[in-house]
Amino acid sequence: MLSQQLVNGVLLGATYALFALGFTLMFGVLRVINLTYGFYFSAGAFIALFATRQWGFSIWLALPLAAIGSGLIAVLLDWLLLTRLRAKGAPELASLMVTLGAVLALYSAMTLLFGPDIRRLPPDVIGADALVFAGIRVTQAQFLVVGTTAVLVLALVALMRGTRLGVGIRAMAERPDAAELMGIDTARLAALVSFLSGFLAGAGGVLIGLNFNAIQPYMGEQMMLRGFVVIIVGGLGDLRGALIAGLLLGVIEVLTAGYLDSGLKEAVAFAILVAVLWTRPSGLFGQAVLRRA
Amino acid sequence: MTLLSTAGLTRKFAGLVAVDGVDMAVEVGSVHAVIGPNGAGKTTLFNLISGLVEPTSGSIDFNGNDISRLPVHARAGLGMARSFQNIRIFSAMTVLENVLTGLHSTITAGVGAIVLRLPGFHRAEKTAVERARMALELVGLSSKSELLAGALPYGDQRRLEIARAMAAHPRLLLLDEPAAGMNPAETSSLAALVRRIRDAGTTVLLVEHDMGFVMDISDAVTVLNFGRRIFHGPPGAIRQEPAVIEAYLGKKMAARLAARKDGQKAIAP
């Protein structure tokens, strides 16, 4: 029983981690709390929903398509909403308010278009057989969650470590002005970082939609609450921290639901957030920086 | 041959004219110094050339291109690099990674090739690391390439900034007060480094307060005062220029000095 709960928790946590990685990357490099981030999660799930239900795509095609689509939406929204503010050096509160307004408008528009019903991806997009190992059941869909998360995390780490592009992104995170003088086109890198974070959020949205009855326009909004918990506990801009904190949150939520009460899941998550902020204001792993990637 | 020239370059800040119609020409292969009293507009001139500040009027020509309105990173792409008066290294990255940022504009691989680490990307990345190591060797930091840049002592951080700027073999290196805060031994090894950089084919334009250092290494000097150019020529000629002496010592002192000189001449046979 406990081991099954732990496995389920890790699977849920992997999705949280994927979502939070993009969020913390965006914040760490672009230094802006972009509240439209949750929308990319919804967008990814809906793109996959259409690709599978309307066009009959397989999940292997729908997942990358949804991730790329969400990445492009992220680039577009960042450009549309934040370029002007960045050029003017507007205070952080301005971008917070602009993205808050924009994301609420986007969710409403989406509800108008698709209705508020909760949907899920057609169950037959992926095989139903489960692997049973020592009494623990893992479905193919759950394998896909872990596999996708692992591949994307490794790819992100490969990019950030030791490649000039990754070094450039980290340079921009630390000192955008000096990076620009080194010949780094920071506007282009900002677009790339937006794409990568939208890609991660969109992939997360598909994976959640695959495992739960969860696809509805405001799904990103609910995810954002967890995203905040994870990136703050993990340390803002800390990729490794987001990964670990995401997994932890998934496990804690599943255990709370299993042994206490499923209504307490969120209460426990936020109690942890408050406790971490009280004791370690810059996150569990100390100095929070993407630079350390 | 001229590498960099400015014509009527002017920058106003809310009523203050920081740089006022400056004409300057930097010759290829030279070490060119810009000096002047505090507030003379040296740093603004540097910021105009590297693109951190836009000119109010006038133009900047670099290697035959008008760069007056070009974004900062594009100027770096044309072969211009700079260091700062207050050090701006990436302190949370290693020394080698810092130098690699200077080679960012030489990336040719796409993001996909980089994430997948295709063979062509590997080769390019290896070449970049080799070039970064050569730049570290130039400034004498080879043995510290894996240390965190923030942990280096002050003098080494200055050298690291120069290595980072030199990694892409720029045509022009801008040094903003490179000798600031250095002791005499560090200053003389810096002078040797600047000479090595010039001899390797990079033109050097620097702003500096240390007059001994300037006289020692410069092939040409431009003197600014209140944003205006008051002298332009070889370092040896500065001492004879009344406008420069006046700018540094004030009118009264300059006059007294001139009088004494005349007096000496009168006494001499």
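Two strands are taken to pair if DSSP finds at least two bridges between them, and helices (H or I, at least four residues) and strands (E, at least two) are DSSP runs numbered from the N terminus. The model described here is predicted, and local features need pLDDT of at least 70, side-chain atom pairs count only at pLDDT 80 or more, and totals for chains, interfaces and linings use all residues. Residues are numbered from 1 along each chain as its sequence is written, while chains are lettered from A and ligands numbered from 1 in the order in which they are written.

In chain B, strand S1 (residues 2-13) and strand S4 (residues 57-62) run antiparallel and are joined by five bridges, with Phe62(B) of S4(B) as the bridge partner of Leu4(B). These strands belong to an open, antiparallel sheet of four strands in the order S2-S1-S4-S5 (chain B), in which the edge strands, S2 (16-27) and S5 (65-66) of chain B, each pair on one side only. Helix H1 (residues 42-50) of chain B lies across S1, S2 and S4 of chain B and runs at about 65 degrees to S2(B), the angle being taken on a scale from 0 to 180 degrees between N-to-C directions of axes fitted to C-alpha atoms, for helices over the stretch in contact. Contact here requires C-beta atoms, placed from the backbone, within 7 Å.

The domain assignment of chain B, automatic or from a database, gives domain 1 (1-79 + 170-236) and domain 2 (89-167). Their C-alpha centres lie 25 Å apart, and the contact takes twelve residues from domain 1 of chain B and nine residues from domain 2 of chain B. On the domain 1 side, helix H2 (72-77) and helix H7 (184-199) of chain B each give two or more residues, and the largest share, four residues, comes from H7(B).

Between the chains, 25 residues of chain A are in contact with 26 residues of chain B, and the largest share of the chain A side, seven residues, comes from H6(A).

The largest nonpolar core has 162 residues, of which Leu21(A), Ala48(A) and Ala163(B) touch the most other members; such a core is a set of buried Ala, Val, Leu, Ile, Met, Phe, Trp, Tyr and Cys residues joined through C-beta atoms within 7 Å, buried meaning that 20 or more other C-beta atoms lie within 10 Å of a residue's own. Helix H1 (residues 2-30) of chain A contributes the largest share of this core, 15 residues. Domain 1 (1-79 + 170-236) and domain 2 (89-167) of chain B both give residues to the core, so it lies between them.

Technical notes
A residue is buried if 20 or more other C-beta atoms lie within 10 Å of its own, exposed if 12 or fewer, and partly exposed in between; C-beta atoms are placed from the backbone. Two residues are in contact if their C-beta atoms, placed from the backbone, lie within 7 Å.
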